[in-house]
Amino acid sequence: MSAVSDALVITKRQLLQLTRVPEVLLFSTIQPIMFVLLFRYVFGGSIDTGQPGGYVQLLMPGIFVQTVAFTLAGTAVGLAADMQKGLIDRFRSLPISRSAVVFGRTLGDGALNIVVLAAMGITGFIVGWRPSSGFFNIVLGFLFLLVFGFAMSWVGVIIGLSVREERVAQNATFIAVFPLTFLSNAFAPTTGMPKPLQYVAEWNPVSTMVAGCRELFGLKNEFGATAGSFPSENPLLMSVIYMVIIMAIFIPLSVRKYNKASK
Amino acid sequence: MKAIIAEDLCKSYNNGSVKALNGLNLDVEEGTVLGVLGPNGAGKTTTVRVLATLLTPDSGRATVAGIDVLKNPDEVRKIIGLSGQYAAVDETLTGWDNLIMFGRLYHLSAKQAKTRAIELLEQFSLTDSAKRPIRTYSGGMRRRLDLAASLIIKPKVLFLDEPTTGLDPRGRQDMWGVINELVKGGVTLLLTTQYLEEADHLADEIAVIDHGKVIARGTSDSLKKQVGGERLEIVVENQFVSATKEIVAKVSGGAINVDEGLRQISAPVTTGSKALIEAAKLLDEKGIHPLDIGLKRPSLDDVFLSLTGHVAEEKKDEDLASSGKKRGR
Ligand SMILES: Nc1ncnc2c1ncn2[C@@H]1O[C@H](COP(=O)(O)OP(=O)(O)O)[C@@H](O)[C@H]1O
Ligand SMILES: [Mg+2]
């Protein structure tokens with residue numbers, strides 16, 4: 001009981017930070033919006049998707065997934081900064097639940113995605129994105145994205161507590177996430193890649209998430225999936241499996257790491 | 001009763017090549033203040049981190065208020081307050097936000113947290129800046145807020161790691177005042193410092209540590225006696241050296257040291273400023289105008305030199321950096 005309320009105090013602290021430094025929220029929203037506009041108008045004309053509605057229909061799930069994957073970075077940077085400033089030490093000297101700080105943080109970072117996804121969705125709609133699967137599936141799609149962001153946030157906990165410095169966390173996460181999102185079907189079909197890379201891309205959780213979201217938002221998933229493999233045939237199932245695996249590994253690991261954390 | 005006991009604490013880093021704690025023993029009587037005095041790298045922070053349940057030692061045992069730190073860390077956390085070497089508060093939030101957050105984490109109700117925040121802000125003269133983000137605070141204000149945050153539950157045992165390092169003289173004075181007030185309330189305090197003067201001012205007893213070990217322990221008077229107490233130092237022009245020596249002999253009674261090169265005459269004195277005034281008067285009567293005259297109090301360096309035979313080695317100037325900045329490691 002107090003574990004939950006302790007975690008919520010930490011989450012609340014993060015939301016308070018957003019009201020004190022609104023630029024953070026502003027920039028974490030502007031960046032994905034910029035991506036939507038750039039990809040839509042720079043590549044949109046040259047990629048023939050063979051689907052009604054054009055490239056933007058395929059693009060949006062890709063950018064959604066890329067953005068929530070980067071939740072990892074926010075978590076890592078935030079925790080590294082807390083570590084660097086000695087706040088983690090202070091939290092650890094308090095009589096609070098041993099998982100409160102990391103749960104509060106991942107919850108806060110996960111919740112921030114609601115705002116970011118909403119802003120992106122609206123921008124997408126303005127530039128022509130029209131999910132066609134009905135209310136229920138669309139909501140399910142967004143829920144899917146939120147859970148994925150939450151799971152990735154736990155990976156960020158480990159990174160943040162390991163590197164212990166804000167600047168390093170920034171670079172480390174960038175290097176970790178960028179290849180992951182580009183070695184996927186998010187922005188272009190995997191079929192153009194060299195064969196070995198195609199396999200990597202196919203099994204990449206980002207790809208299964210993107211393919212899964214495309215399904216939930218009402219697209220036939222031809223683009224980007226090399227036909228026949230298990231992940232490309234069952235992207236939703238595979239994504240759920242990935243999320244469960246990530247959380248099953250990283251939540252206990254993170255809690256342990258936090259309790260041993262030292263500057 | 002002993003409020004803090006540490007027995008044979010050892011902690012090494014980098015596969016044993018750095019011994020941060022090397023068989024450290026200490027104990028603090030309930031309701032008293034122990035000053036842990038030592039140079040940079042002596043093991044002060046490591047000691048505090050072990051006692052505050054943040055770090056597991058490689059070996060040894062420790063209790064706080066009779067509770068085993070290693071076996072029952074959760075219980076220890078309920079009764080201690082910790083203010084680390086660098087102010088650890090959320091800089092983007094206001095002083096008020098921080099105190100409320102920590103109050104809630106100590107499981108106060110929303111109302112209790114508010115009441116306590118108001119009290120603490122008042123006590124630490126921060127009421128006027130309560131609604132400003134911490135990043136606009138001066139180093140002294142940050143440390144005071146940090147200290148306030150560690151007092152939310154009125155801890156039985158308080159740990160302050162170098163509470164004035166990085167503060168300007170004014171901030172240091174303020175902090176001393178605040179700490180003295182606190183101590184009157186009966187809390188047991190373990191405080192670390194690099195300055196003998198500070199330990200002198202705040203602590204009932206002092207433990208001098210070096211290379212992860214306590215090398216001397218006692219009241220500040222007894223430590224100073226070991227070093228030799230205060231010295232009167234006078235610098236005069238060449239022709240006055242021998243006359244000055246005679247004058248110093250009258251006020252000191254101890255062994256007189258004459259440095260011909262520096263034209264400096266020095267000797268231990270026991271009567272402090274009285275000896276200084278006396279010497280000045282006698283010099284004046286003889287028409288001698290000293291180039292420099294003063295009392296030199298034993299510094300940490302002197303204590304060290306006399307206790308260990310080596311000079312306290314300064315590692316880096318990192319501690320002069322503002323208290324809000326954390327060194328990266
Ligand atoms: N996490 C760490 N990794 C490696 N060495 C460390 C670590 N923490 C402390 N040390 C080393 O242990 C010694 C004691 O450090 P510390 O307790 O911080 O000293 P003090 O607080 O007295 O300046 C120093 O030599 C320091 O470099
Ligand atoms: Mg220290």
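What share of the 329 residues in chain B is buried? Buried residues make up 50% of them, where buried stands for under 20% relative accessible area, exposed for over 50% and partly exposed for values in between (1.4 Å probe, protein chains only).

The legends below describe a predicted model, in which local features need pLDDT of at least 70 and side-chain atom pairs count only at pLDDT 80 or more, while totals for chains, interfaces and linings use all residues. Residues are numbered from 1 along each chain as its sequence is written, chains are lettered from A and ligands numbered from 1 in the order in which they are written, and side-chain values use heavy atoms, with hydrogens and water left out.

**View 1. The magnesium ion and its protein donors in chain B.** The magnesium ion (ligand 2) has Thr45(B), through OG1, and Gln85(B), through OE1, as its protein donors, at 1.9 to 2.2 Å; donors are N, O and S atoms within 2.8 Å of the metal (3.2 Å for Na, K and Ca), and since water is not among the atoms, sites may look incomplete. Because Thr45(B) belongs to helix H1 (residues 44-51) and Gln85(B) to the loop between strand S6 (80-83) and helix H3 (95-105), the pair ties together parts of chain B that are 40 residues apart in sequence. Helices (H or I, at least four residues) and strands (E, at least two) are DSSP runs, numbered from the N terminus. Gln85(B) counts as buried, with a relative accessibility of 7%.

**View 2. Helix H5 of chain B and its cover.** Ten of the eleven residues of this helix (residues 139-149) are buried, so the rest of the structure largely encloses it. Among the buried residues of H5(B) are Arg142(B), Arg143(B), Arg144(B) and Asp146(B), as well as Met141(B), Leu145(B) and Leu147(B). Their cover includes helix H5 (87-92) of chain A, together with S6, H3, helix H4 (110-123), strand S7 (157-161) and helix H6 (169-184) of chain B.

View 3. Leaving aside neighbours within four places in sequence, Thr29(A) is in contact (heavy atoms within 4.5 Å) with Val116(A) and Ala119(A). Although 178 residues separate Pro22(A) from Val200(A) along the chain, their C-alpha atoms are 39 Å apart.

**View 4. The build of chain A, with twelve helices and zero strands.** The radius of gyration of chain A, taken over C-alpha atoms, is 19 Å, close to the 18 Å that the globule rule gives for 263 residues, so chain A is as compact as a globular protein of that length; the rule is 2.2 Å times the number of residues to the power 0.38. The C-alpha trace of chain A spans about 60 × 35 × 35 Å along its principal axes, and buried residues make up 55% of the 263 residues. Of the contacts in chain A with a separation of 6 or more, 82% are accounted for by residues 24 or more positions apart.

**View 5. The build of chain B, with eleven helices and 14 strands.** Taken along the principal axes, the C-alpha atoms of chain B fill a box of roughly 75 × 45 × 40 Å. Among contacts in chain B between residues at least 6 apart in sequence, those joining residues at least 24 apart come to 68%.
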